[in-house]
Amino acid sequence: MSKWVFIGDSITDSGRSQDPEGLGSGYVRMIKNELESTVQVVNKGVSGNRITDLEKRWQRDVIEANPSVLSISIGINDVWRQLDHPEMKPVYPDDFKEIFERLLNQTSKLNTKLVLMEPTIIHEDVHSKGNQMLVPYVEIVRRLAIDYDAILVPTHTVFLEQVKQNNVNLTTDGVHMTEAGNKLMANTWLEACTPKLLR
């Protein structure tokens, strides 16, 4: 059976430890519900994670798992921690890119199809400080998708479009998803990925 691993932070985690299937109640669950039953979906999201945390568990959660498809959603906490916990050692864009490249280089030794998700949003305000700070991180993800022949899921782009067009709550607190936010993530992922992964 084809194994698809989703790795990331709390947006991916979405309470997976309280779920008997380990999928949580967020976008990963919604994607699984739309996929063929021949696909094994594994959720490896961990709340609070930044790219530095992914690196610490990459060998165990990715390399040893040897997935057919690896979907990566990271970057929100790399920016958000600079705003809500400025005492923490920051992960600036150059660090983010360097570590991300290191992880993708390790993964390139596997026969794994990569899916890179743009970081979503920090508050439903296009001009929020968090969203302005996210710009270089989003651009890094876009560039890495090209460099590593990955499928790009344009979640940041789509979320900003929704924020501009609709007065809808996509997050509960500026970061964590409402049901509408999770649906938007799942639909954006499925639209970008399923034509290429389920041919």
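Two rings of Phe, Tyr or Trp, the last taken by its six-membered ring, are called a pair if their centres lie within 6.5 Å, and the angle between their planes then sorts them into stacked (under 30 degrees), edge-to-face (over 60) and tilted (the rest). The model is a predicted one, and a search of the whole structure finds five such aromatic pairs in it.

**Aromatic pairs**

- The rings of F6 and W189 have centres 5.2 Å apart and planes at 40 degrees, so this pair counts as tilted.
- F96 and Y137 form an edge-to-face pair, for which the centre-to-centre distance is 5.2 Å and the angle between the planes is 70 degrees.
- This second pair also links distant parts of the chain, since F96 lies in helix 5 and Y137 in helix 6, 41 residues apart.
- F96 is buried at a relative accessible area of 0%, and Y137 is buried at 2%.
- F6 and W189 are also members of one aromatic cluster, which they form with W4 and Y27.

**The sheet and a helix across it**

- Five strands make up an open sheet with parallel pairing, and their order across the sheet is 2-1-3-4-5.
- Strand 2 (39-45) and strand 5 are the edge strands, each of them pairing on one side only.
- On average, and with direction ignored, neighbouring strands of this sheet are turned by 20 degrees against each other.
- Strand 1 (residues 2-8) runs parallel to strand 2 and is joined to it by seven bridges, and G8 stands opposite G45 in strand 2.
- Helix 5 (residues 93-107) lies across strand 3 (69-73) and strand 4, and its direction is at about 160 degrees to that of strand 4.

**The nonpolar core**

- The largest nonpolar core has 65 residues, of which I72, F100 and W189 touch the most other members.
- Helix 8 gives the most to this core, contributing eight residues.
- When neighbours within four places in sequence are left aside, F100 is in contact with I51, I72, I74, L116, V141 and L144.

**Helix 7 and what covers it**

- In helix 7 (residues 155-165), the buried residues are T155, H156, V158, F159, L160 and V163.
- The elements that cover these buried residues include strand 4 (113-117), helix 6 (129-147), strand 5 (151-153) and helix 8 (179-197).

**Backbone details in loops**

- S14 has a positive phi, near 45 degrees, although the residue is not glycine, and S14 is found in the loop between helix 1 (10-13) and helix 2 (27-34).
- H123, which is not a glycine either, has a positive phi of about 85 degrees, and H123 is found in the loop between strand 4 and helix 6.
- Is H123 buried, exposed or partly exposed? With a relative accessible area of 38%, H123 is partly exposed, because that class covers values between the 20% limit for buried and the 50% limit for exposed.

How values were computed. Residues numbered from 1 in each chain as written. Predicted model: local features only at pLDDT ≥ 70, side-chain atom pairs only at ≥ 80, totals over all residues. Heavy atoms only, no water. Buried < 20%, exposed > 50% of the residue type's maximum accessible area, 1.4 Å probe, protein only. Helix = DSSP H or I, 4+ residues; strand = E, 2+ residues; numbered from the N terminus. Contact = heavy atoms within 4.5 Å. Core = buried A, V, L, I, M, F, W, Y, C linked by side-chain atoms within 4.5 Å. Pairing = 2+ DSSP bridges. Axes fitted to C-alpha atoms, helices over the stretch in contact; angles between N-to-C directions.
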